[in-house]
Every structure is written in C-alpha cells, then in structure tokens.
Amino acid sequence: MDIHAYIESGIIESYVLSLTSTEESVEVEKFRTEYVEVEAAIAEFSQALEQHAFENAIIPPPELKAKVLAAIKEARGVEEPTTAMAPQTEKSFVVPLHQTTSWRMIAAASVILFIVSAAANFYLYQQYRNKEDDYEALLSQRETLQAKNDVYHTQLKEWQSAAAMMADTGMAMIKMASAKGKDDAATVFWDKRNKDVFVMVNKLPEPQVGKQYQLWAMVDGQPVDAGILDLSCTSVCKMKNVPRAQAFAITLEREGGNKIPNLKALFVIGNV
Amino acid sequence: MNTGNLYHESELVSLLKQRHEHAFNYLYDHYSGSLYSVIVSIVPNRELANDLLQEVFVKIWRQIATYDNEKGRLFTWMLNVARNASIDAVRSKNYQQNQQNRELTENIYEEGGSVQMNTDKIGLRKIVYKLKDEYRVLVELSYFEGYTQDEISKMLKIPLGTVKTRLRSALIQLKQVIKP
C-alpha cells in the first residue's frame, strides 16, 4: 500500500481531531505501529495544532483559576480520600497538638475555677451561718423587747385606770399606811355608787413563797374578807364588792387566803 | 509552545496521575489559554465558556488516568475533552432555549459585544472561516458542531463518500495554514 498517499489523504488530521469513525481509528492505530511515517505525521500535525492553539491562546479571566482550583479540591475530596494522605498527615500533626494544649488549658482552668468556687462557697457559708446566728439573736432580743413592751403597756393601762379612778369624784380613796411604822403603803378605791372595791399596792414587801396578801374590810369591828391580791396584780386590782365598811386592812396569809385574818401579819391599815 | 516549560510532558502527566496539585497548577497556567480559545471558538457566550473551562479542567483531573500518551499528545487529548464538552453544552436543550430567547431579545435590544464573542475570529475557526464554502461547512458541522459524517450527509444531501473526501481535503488545507 502507498503509505504516503494514505498520509496525504487527510486521514491523519481527521484522526487527530477525532473526526474518524471507529473503524478508521483502528486502521490508523494499526498503521502507526507499522509505519514510522504515520507516527511522524500524527506527531507533526498534533504539534502544529498545539502550537497554533498556543499562538492563538485567549487568556481566561484571572479569577477563573481560583474557581477551577477550588473545583479540583472539591472533586479530589469526593473521589480520592486516600490519595490526599500527605497533606492530611501534616494536618493531623498540627490539630491534635492544638487540641491537647487547649484541653489541658481547659482542665487547668476548670480545676482553678473549682477551687475558687469551693473557697467562695465555704466563705459564703460561714458568712451565712454568722448572719443566721446574728439574726436569731436579734429575733430573741426583739421578742424580749416585745414582751417587756407588753408588760409596760399593761402596766401603763393599769396606771391609767388608776389615775382615772383617782380623778373620779364618785370614787372614795382610802390610803392605808404601815401598822408597824414602816413605809409600806396601799390604796383602796371604793366606788360609792356600786360599792366595787379596787386596791393599789404602793409598796409592800415581796410575799414569801406559799403566802399571799389579803384585803379585809372592817365592818362594825369585824374583819370581812374583801379578796386576795393576785400575784400578777402589779397596780390596781379589782377586789370583792363591799357594801359597808369603816376601815380596810391588808394582812399576809397562806396562799388561797384565810377566813380570819392573822393580825400578827397586818401590813397596812386605813380608815374610810 | 516551549515558553517556560518547566515539566517535560510525560513528567507532567505522571505527576498529574499521582495527583500532584503543583502539577495541576502548572497545567492550568500552561494550557488554560489555549483550551479557553478552543472553548470560545465553539461557545460564543462568555459566561458559559467560563463555566466550561472549569468543567473541562475538572474532567481532565478526573480522567487523566484514561489518557494514554502512546496514543497522542496531552494537548490533543485535552483539546478533544474541551471540544466535546463545548459541543455538548451548545447542543443542550437549556442552551438552545437560551439562544432562542436571546434571538428574540436581540431584535429589541442591541446585545453588548462583551458577552457574545464572534467565534469566527477565534483559533482554528478563523482559518476554517477562510476556506471555500463547501469545505468550510463540513468542518463547521463536524468539528465545531459535532455532527457525524453520516448526519452531515443527510443534512446537506451529499453522498457520505463526498462528505468524507471533502472534509479530509479541508483538513489538509487547514494543516497547510497552521503548519509552522
């Protein structure tokens, strides 16, 4: 066969430009191994084509390169995870190192935070306990004050009623003085209208245990029980109703009172 | 073409097959201009051409393992990747519809020349444009539009044998022009 005629037919150009049919391509590939001229013609046209393309190159927009390289990276990441070993190992040295230091930092920071927090908690708990004690003390103090206040309040009310009785013109005031020349004193308020009797202890010794003061009304020379002075009575106390009397007296009797007064224990006495 | 050749072609191919990114970087720097001219000689729309250049390089990266340097030069292989991708894009339904819309709007607005390129003045097409009409149409339809010779024979109502011989003659003329 005339290989030069074959080469000159344009089949080589068709082949290089992929314009040959499958059969034609098989034929060219067969001849290129058999004839150096065919191989040379392929190389010649390919080079000419390449050179022409280079001479007529159109520079693409510069920003395209970054896009293309990014697309390659993406394509590489998808299909070939194993081929990318070299840069990965490089990274794998860096990343864990960062991680360990940061973990160590975090661990150290958390331990410090824990200690600080524990100390703060202890301090605050102590403070809380102290404050609680203070509060308890204040609370009991307040209660004491309140109780005292209540006492004063009651006393004040009693004194107020005593003052009212003293001011009351319908009320007879009988001052009782010590029968033994001491400064013991008590006062009886006797309502002339309804004959109610009140007694006010001005000064009497504290009674012994098991003893109580008792008020007597002297009616026609005979002592009549007018009631027992309650221990809780600190100012004016209401006694029994006495319709008629010439004098009043207070004796110290056994607890609960007696029917007949113990005149040896007469403390104060006063005439109406 | 030997401007700033840092790699021997076989060396470059071997590095690409081993997935060296430096080699790919070099490949882009070295071949993007010539491949871009191949794309824009087929695809007049610049935006699409830009997308295609990216697509072509991704294809090259993915398919480099199938390239056999016994069969031909790297550029020839890449040229055909770029040409096929461009023809596929132009032939796609989407592109055809866009073209129709464009033709409609072009009647109303004068479309700026910055987006649409005149493909007749680019690369090989510039040479083909100067060929005799009967030759030019065959190269246009086969090389730039991707029709088979059988299809062209039916389209132009010319016998297949005539299509074949005329196309080959056209390519011989083309070769005479580009021959250094």
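## Where the chains meet

Contact here means heavy atoms within 4.5 Å of each other. By that rule, chain A puts 44 residues into the contact and chain B puts in 50 residues. This is a predicted model, where local features need pLDDT of at least 70, side-chain atom pairs count only at pLDDT 80 or more, and totals for chains, interfaces and linings use all residues. Residues are numbered from 1 along each chain as its sequence is written, chains are lettered from A in the order in which they are written, and side-chain values use heavy atoms, leaving out hydrogens and water.

Chains A and B bury about 4,500 Å² between them, with 61% of it on carbon and sulfur atoms. (Buried area is the accessible area, 1.4 Å probe, that two parts lose on being put together, summed over both.)

## Salt bridges

So what's a salt bridge? A side-chain nitrogen of Lys or Arg within 4 Å of a carboxyl oxygen of Asp or Glu. Chain A and chain B share six of these. One pairs A:Lys65 with B:Asp29, whose closest N and O atoms are 2.7 Å apart.

Over all chains, the whole structure has 19 salt bridges. A:Lys65 sits in helix α5 (residues 63–79) of chain A and B:Asp29 in helix α2 (residues 21–42) of chain B, so this pair joins two chains. (Helices are DSSP runs of H or I, at least four residues, numbered from the N terminus.)

## Two helices in chain B

Helix α6 (residues 123–130) and helix α7 (residues 133–144), both of chain B, pack at about 155°, their axes 8 Å apart. That makes α6(B) roughly antiparallel to α7(B), a label for angles over 145 degrees. (Axes are lines fitted to C-alpha atoms over the stretch in contact, and angles run from 0 to 180 degrees between N-to-C directions.)

Methods
Parallel < 35°, antiparallel > 145°, perpendicular 65-115°, else oblique.
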